[in-house]
Amino acid sequence: TTRTISQQVMSGSILLSTPDNPLSMSGDIDMSGSSQVYNLESTVTLESGEDVTFKGSASSLTSGGGSDKAHMSDDVIQDSTPMGDTQEEVFNDYFGTSSLALVKSNFVHQYTNSGNTNFSNTLDGMTGTSIWIEQTSGSTASLAGNTVLGTTANPVILVVNNGVLHISGNVSFSGFIFTLGDGSFINISGSATTSGGMVGTG
């Protein structure tokens, strides 16, 4: 099983700034199996407000090296002060305001769900757009199968509020993912490939 995350994201009118590295989380980052995170644009792959752990053959890679369970290099940042900021502060860093309502109002596609929802058919084939998914009570928004969301030339911005984002199967995602709200996190499994940046603040 391979899960690949790379750095390539474009800035749009909604985003104030693009991520400096492929994966940033306010909590722990647990890399397992044969998962890979690589960043050939700069020197940082993983940034955590707490701890980063590598298991199995999981690894990270930059043009200057990388990390695995036997060796933790400078491409991994642990106990990061910025990622230890409040959700509102991290949200403001990327969107230029701490007002969720204001940012959400600028998103083209908006969905609200009270339970686990598979968005594979709904979002498959979308490119160059913005998507806001409002979950409740920590329920899961999932992408599975052969879903293609965004391209390198036309990436998407995906925000999941108050829920878990689960990406599995052979999903191909290009763009920027941001999750927030209590209990929110990003779970990637199978042979899913994401190109861009991911930030989790739950």
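## Overall build

The protein has three helices and 19 strands, where helices (H or I, at least four residues) and strands (E, at least two) are DSSP runs numbered from the N terminus. Its radius of gyration is 16 Å, close to the 17 Å that the globule rule gives for 202 residues, so the protein is as compact as a globular protein of that length. Here the radius is taken over C-alpha atoms, and the rule is 2.2 Å times the number of residues to the power 0.38. The C-alpha trace spans about 45 × 35 × 35 Å along its principal axes.

A word on the ground rules: this is a predicted model, in which local features need pLDDT of at least 70 and side-chain atom pairs count only at pLDDT 80 or more, while totals for chains, interfaces and linings use all residues. Residues are numbered from 1 along each chain as its sequence is written, and side-chain values use heavy atoms, with hydrogens and water left out.

## Surface, contacts and charge

Of the 202 residues, 50% count as buried; that means under 20% relative accessible area, with exposed being over 50% and partly exposed in between (1.4 Å probe, protein chains only). The accessible surface comes to about 8,700 Å², and 45% of that belongs to carbon and sulfur atoms. Those areas come from the Shrake-Rupley method with a 1.4 Å probe, and for residues only the protein chains shown count as cover.

Now for contacts, meaning heavy atoms within 4.5 Å. Among those with a separation of 6 or more, 49% are accounted for by residues 24 or more positions apart. As for charge, there are 4 positive and 18 negative side chains, and the centres of the two sets lie 13 Å apart. Lys and Arg count as positive and Asp and Glu as negative, with His and the chain ends not counted; each charge is placed at NZ of Lys, CZ of Arg, CG of Asp or CD of Glu.

## The S11-S13-S16-S18 sheet

Four strands make an open sheet in the order S11-S13-S16-S18, with parallel pairing. Strand S11 (117–118) and S18 stand at the edges with a single partner strand each, so one side of each has no neighbour in the sheet. Two strands pair, by the way, if DSSP finds at least two bridges between them.

S16 (residues 164–167) and S18 run parallel and are joined by four bridges, with His-166 partnered by Asn-187 in S18. Ile-188 also lies in S18, which covers residues 185–188. This isoleucine is buried, at a relative accessible area of 15%. Its C-alpha atom is separated by 25 Å from that of Glu-88, 100 residues apart along the chain.

## S12, covered on both faces

In a regular strand the side chains alternate between the two faces of the sheet. In S12 (residues 130–134), five of the five residues are buried. Ser-130, Trp-132 and Glu-134 point one way, Ile-131 and Ile-133 the other, and all are buried.

S12 runs parallel to S10 (residues 109–112), to which it is joined by four bridges, and His-109 stands opposite Ile-131. Five bridges join S12 to S15 (residues 156–161), again in parallel; there, Ser-130 has Ile-157 as its bridge partner. Lys-104, in helix H2 (residues 100–104), touches Trp-132 and Glu-134 as well as Gln-110 and Thr-112, not counting residues up to four places away in sequence. His-71 is 33 residues from Lys-104 in sequence, yet 41 Å away in space, C-alpha to C-alpha.

## S7 and its partners

S4 (residues 36–39) pairs with S7 in the parallel sense over four bridges, and Val-37 stands opposite Ser-60. With S8 (residues 65–67), S7 runs antiparallel over three bridges, and Leu-61 has Gly-66 as its bridge partner. S7 and S8 form a hairpin with two residues between them.

## Asp-30 in S3

Asp-30 lies in S3 (residues 29–31) and counts as partly exposed at 47% relative accessibility. Leaving aside neighbours within four places in sequence, Asp-30 is in contact with Thr-53 and Lys-55. The C-alpha atoms of Asp-30 and Lys-55 are separated by 7.8 Å, with the two residues 25 apart along the chain.
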